[in-house]
Amino acid sequence: MRRLLLCGLALCLAPLSTAQVDLSARLGLNTSSIVLSEGTTSDRGARLGFVAGVTADYPISPLVGIHAEILYSQKGSTQEVPAGTVTSTLDYLEVPILAQVTIPAVEYLDLAVVAGPAISTKLSAGISCDFPCVEGADRTKSVNLSGAVGLSAASGPFGVDVRLTRGVGSVFPDDDPVFQNRTVNYSVLSVAGLYRFGR
């Protein structure tokens, strides 16, 4: 899995050596929630976090291209217990490699749809409480795969991006003592601002 992540980074950085690449900065908010194998969310609430990074657009044709990103993405969940709120945090280095299709609109507005896979490697994980508590051992996988679909709109140097990312498989190993034989992953909705360099 780590080799897949390295391949993703290589694909993301490769276009930077050409004059055709368009670079942007991406900064926004994530809201993530747990999704169980049955397809329903758990009794845990959503965690609000940040997403930030750089993006590279490499056009293949006037309407189709490759959209690659290197992101710092905060995921997790919250849970209400009698003593207060417990927040589970999972922070990732995420590398989406997405197909991008431009939607012809008005001359001054660039609309695009993106979809494809993302590879994430865990940077940190933990549990915090608004009351005295003891943090348990982290049991989540170090590398995860997900699928993403989104829509962006931009004019001049500024834009906005809305993205839904859904995990593939489980963030816990198959032999996890608590979630054994159950798929547990995250569904993340992000809204981010874009700054397109050179526009």
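The side chains of D161 and R163 form a salt bridge with an N to O separation of 3.4 Å, where a salt bridge is taken as a side-chain nitrogen of Lys or Arg within 4 Å of a carboxyl oxygen of Asp or Glu. D161 is buried at a relative accessible area of 4%, and R163 is likewise buried, at 3%; buried here stands for under 20% relative accessible area, exposed for over 50%, and partly exposed for what lies in between, with a 1.4 Å probe and protein chains only. This is a predicted model, in which local features need pLDDT of at least 70 and side-chain atom pairs count only at pLDDT 80 or more, while totals for chains, interfaces and linings use all residues. Residues are numbered from 1 along each chain as its sequence is written, and side-chain values use heavy atoms, with hydrogens and water left out.

Side chains of opposite charge can pair when their charged atoms come close. By the rule given above, the count comes to eight salt bridges. One of them joins the side chains of D22 and R199, at 3.6 Å from N to O. Because D22 lies in strand β1 (residues 22-36) and R199 in the segment after β8 (184-196), this pair ties together parts that are 177 residues apart in sequence. Strands, like helices, are DSSP runs numbered from the N terminus, a strand being E over at least two residues and a helix H or I over at least four. R199 also forms a salt bridge with D110, the closest N and O atoms being 3.6 Å apart. D110 belongs to strand β5 (residues 110-129) and R199 to the segment after β8, so this pair ties together parts 89 residues apart in sequence. D22 is partly exposed, with a relative accessible area of 30%, D110 is partly exposed at 33%, and R199 is partly exposed at 45%. A network of salt bridges links D22, D110, R196 and R199.

The strands themselves form a closed barrel of eight, running β1-β2-β3-β4-β5-β6-β7-β8 with antiparallel pairing. From one strand to the next the twist averages 25 degrees, with axes fitted as lines to C-alpha atoms (for helices over the stretch in contact) and angles running from 0 to 180 degrees between N-to-C directions. Strands of a sheet pair through backbone hydrogen bonds, either parallel or antiparallel, and two strands are said to pair if DSSP finds at least two bridges between them. Strand β3 (residues 64-81) and strand β4 (residues 84-103) run antiparallel and are joined by 16 bridges, with V81 standing opposite G84 in β4.

Within strand β4 lies Q100, which counts as buried at 13% relative accessibility. The side chains of Q100 and H67 are joined by a polar contact of 3.5 Å, a polar contact being a pair of N or O atoms within 3.5 Å of which, within protein, one must be able to donate a hydrogen and the other to accept it, and for which residues adjacent in sequence count only if both atoms are side-chain atoms. Leaving aside residues up to four places away in sequence, Q100 touches D57, L63, V64, G65, H67, A112, V113 and V114, contact meaning heavy atoms within 4.5 Å.

How exposed is V54, in strand β2 (residues 45-59)? V54 counts as partly exposed, at 46% relative accessibility. V54 and S24 are 30 residues apart in sequence and 5.7 Å apart in space, C-alpha to C-alpha. With residues up to four places away in sequence not counted, V54 touches S24, A68, E69 and I70.
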